[in-house]
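User: I am new to this structure and would like a close look at a single part of it. Please describe one interface in a connected account.

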Amino acid sequence: MTTESHSKETPWPLWEVFVRSSRGLSHVHAGSLHAPDATMALRNARDLYTRRNEGVSIWVVPAEAISSSDPDSKGSFFESPQGKDYRHATYYTKSEGVRHL
Amino acid sequence: MASQNLQSVPAELSPEEQERERAGQAYFDRIIAEDSRIEPRDWMPEAYRRTLLRQVSQHAHSEIIGMQPEANWITRAPSLKRKAILMAKVQDEAGHGLYLYSAAETLGQSRDKMMQDLIDGKARYSSIFNYPAVTWADMGAIGWLVDGAAICNQVPLCRASYGPYGRAMVRICKEESFHQRQGFEILLELSNGTPAQKQMAQDAVNRWYAPALMMFGPPDDDSPNSKQSMAWNIKRFSNDELRSRFVGMMVEQVKVLGLTLPDEDVRFNEETKKWEHGPLDWNEFKDVLAGKGPCNSQRMERRRQAHEDGAWVREAAAAYAAKQAQKEHAA
Amino acid sequence: MTSEHTTDFAIEGHGDISVGVSGAGASGDGSASATRITPGNALRPEDIALEVRRGTAKPAEDVAEYALRLGDDALILAQRLGHWISRAPELEEDIALGNIALDELGHARSFLSYAGGAWDKSEDELAYFRREPEFRSAHLFEQPNGDFAVTIARQFIVSYYQFELYKRLSGSADATIAAIAAKALKEVDYHRDHSAQWVLRLAGGTEESRRRIIQGFRLLWPYVDELFEDDELTARLADAGTGVQPSSLREDFDRLTGEVLAEADLAGEYADGGLGLDRIPQSLGGGRRGKHSEHLGYVLAEMQVLAREHPGASW
């Protein structure tokens with residue numbers, strides 16, 4: 001409705017931020033932010049998501065660069081591993097009590 | 001708050017689409033029944049999306065506008081330690097606004113648009129920030145009462161059914177744990193200070209108490225949307241329930257402060273096992289919400305000005321990024 | 001704070017909040033690790049103040065005078081930057097400027113706490129109860145924020161200057177000055193990066209942003225020479241190995257700022273679209289001797305008004 005007042009501005013794109021909280025751990029999704037480019041996205045992420053010592057390393061990824069699995073197909077997409085309990089150690093009960101196994 | 005991408009589904013659907021809607025609704029209902037979480041790309045009822053978008057964006061706006069009454073005292077904080085604490089707190093609020101705008105963006109609304117709606121007066125924010133912070137003690141009362149009430153509201157929201165909202169609230173609640181404490185300490189220090197300081201503290205508590213209680217929203221029998229929000233697991237407790245719990249906590253804490261609550265009717269009802277408080281002026285609440293508060297136009301003007309003054313900076317950074325991308329492309 | 005209502009609503013001790021989230025992906029080690037927060041273990045202003053009170057750190061008179069200069073620079077800058085919070089061009093920048101202001105305020109508190117050790121005064125007594133001629137900050141720090149470009153130009157000059165200064169002071173023979181400088185050095189390194197990134201963007205962004213950043217630099221460059229002026233105090237401190245001659249920082253400052261300005265295509269003459277820095281007359285300065293511009297009075301009036309209404313009060 002008031003597009004005329006802000007349409008000439010190109011909004012800064014959205015970035016997803018991943019933070020490694022300490023060495024040895026994976027980067028974990030912390031949240032998102034807006035930034036004009038990757039350089040500033042990293043700095044904004046540093047200022048926003050690590051101001052309480054939350055991290056030792058940051059990744060930023062353009063939100064639009066992320067592909068995700070189709071939520072509508074979640075039933076079938078993730079069905080296969082269901083019921084294949086032989087992939088898990090707990091399936092093998094006869095060896096229970098045997099040391100170092 | 002109308003917006004193109006929020007139009008409800010056309011009335012006439014193909015059989016295939018109808019089937020997808022039905023399956024989506026069934027899936028959504030099951031997730032809610034299991035008290036699990038809805039994620040951004042899940043099918044969700046249009047009304048659920050709309051309700052969330054309204055609530056989360058209002059919450060974000062409240063954080064951003066809520067920076068102003070406190071930012072007002074950063075330059076005058078009476079000790080350097082307090083100045084640092086206050087700066088960190090107001091800065092946190094910008095961060096919390098950001099987390100919440102991000103959560104709202106997953107519902108399909110750009111932050112740009114939300115900000116424009118706020119500036120154009122189309123969006124709401126917590127009406128309490130339309131009251132002025134006139135003394136230093138207000139920094140204490142805002143932290144203790146306003147943030148205290150906000151935390152009561154927000155802790156259950158960590159379990160809101162919409163994943164991104166809940167996650168934003170987890171982060172916010174963790175960070176806010178210091179906000180209420182610093183406010184309490186400001187008041188405690190004033191209360192144990194000179195008579196003038198103690199009076200300043202009591203005045204601030206007197207002014208912020210009722211507006212803080214009203215932050216929980218209208219009484220349950222006058223809060224038509226609450227029921228649906230609770231059914232959707234967005235809200236976990238009713239307005240009155242949260243307000244009552246909050247009063248109970250304040251009653252104890254105010255004793256430690258050596259101050260009093262400006263409410264002679266506060267009591268614990270042995271029958272209902274709930275805390276009760278005196279009558280609140282809901283007409284004033286509605287007036288302030290409708291723009292008649294002491295600072296409504298000032299707050300909006302300040303936000304508008306910051307946004308418009310920053311336009312050339314945002315444009316410059318975007319233009320620079322575009323030029324750099326072009327260079328890289330050419331190289 | 002009490003924790004009577006525990007079920008799913010507990011606000012517990014130790015400043016942490018039990019949010020009662022279970023399962024549903026809202027907790028788990030995922031978000032837990034991304035929000036794990038710690039205060040860290042760096043040197044804090046409170047540590048300095050404690051050492052001063054215990055008498056384990058006591059500055060010589062010269063060192064205290066010097067610390068006062070460093071502290072005042074940082075304090076006045078923090079006071080200026082603090083005004084930006086809630087007014088920045090974008091929310092992300094509110095946070096960035098807030099972090100920088102907090103860093104500077106931290107440096108100010110450390111230096112002032114230490115300086116006060118010589119005269120039995122606290123950081124707050126020095127900040128709130130000195131009069132304008134008693135402040136030792138250089139003029140650059142009290143210059144108004146202006147628009148974002150002016151603030152960035154000021155940040156750019158200040159951070160490159162402070163980086164060179166703290167780099168040398170981290171080897172000061174005065175252990176406290178060295179410790180404060182070592183902590184501050186890492187922080188102003190980031191301030192350099194922040195301002196340089198913005199100088200590049202404003203200079204290379206739009207016509208308007210380029211015009212504004214040029215204007216910003218031309219407005220503030222007159223206050224650069226004062227930063228590098230030697231005097232008797234700095235000469236004595238340099239001899240003693242506790243401080244540095246400001247003039248000794250100039251070469252590195254010029255070289256490093258020059259690199260960024262060249263990259264931003266700002267190094268040329270004004271007539272050719274650059275800054276024309278060589279031709280900008282330098283102001284007389286005098287901040288180190290308590291002679292200030294018209295701005296500092298207002299800065300102090302605002303900063304000190306409440307504390308002075310309640311002398312002796314505790315906050």
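How many residue pairs are in polar contact between chain B and chain A?

Analyst: In this predicted model, nine residue pairs, both members at pLDDT 80 or more, are in polar contact between chain B and chain A. On the side of chain B that touches chain A, the elements that give two or more residues are helix H1 (15–33), helix H3 (80–105), helix H4 (111–119), helix H6 (163–191) and helix H12 (311–330) of chain B. By class, this side of chain B holds 13 charged, 10 nonpolar and four polar residues.

Salt bridges are also present, and four are counted between chain B and chain A. One of them joins B:Asp92 to A:Arg51, where the closest N and O atoms lie 2.5 Å apart.

As to extent, 27 residues of chain B are in contact with 27 residues of chain A. The area buried between chain B and chain A is about 2400 Å², and carbon and sulfur atoms give 48% of that area. Three residues, B:Arg41, B:Asp112 and B:Arg171, supply 22% of the area that chain B buries against chain A, which is more than any other three residues.

For reference, the interface of chain C and chain B may be set beside this one. There, 69 residues from chain C and 63 residues from chain B take part in the contact. The buried area is about 6200 Å² between chain C and chain B, with 66% given by carbon and sulfur atoms. Two salt bridges are found across the interface of chain C and chain B, including one between the side chains of C:Glu92 and B:Arg111 at 2.7 Å, N to O.

Key: Residues are numbered from 1 along each chain as its sequence is written. Chains are lettered from A and ligands numbered from 1 in the order in which they are written. This is a predicted model: local features need pLDDT of at least 70, side-chain atom pairs count only at pLDDT 80 or more; totals for chains, interfaces and linings use all residues. Side-chain values use heavy atoms; hydrogens and water are left out. Contact means heavy atoms within 4.5 Å. Buried area is the accessible area (1.4 Å probe) that two parts lose on being put together, summed over both. A polar contact is a pair of N or O atoms within 3.5 Å; within protein, one must be able to donate a hydrogen and the other to accept it, and residues adjacent in sequence count only if both atoms are side-chain atoms. Helices (H or I, at least four residues) and strands (E, at least two) are DSSP runs, numbered from the N terminus. Ala, Val, Leu, Ile, Met, Phe, Trp, Tyr, Cys and Pro count as nonpolar, Asp, Glu, Lys and Arg as charged, and the others, Gly among them, as polar.
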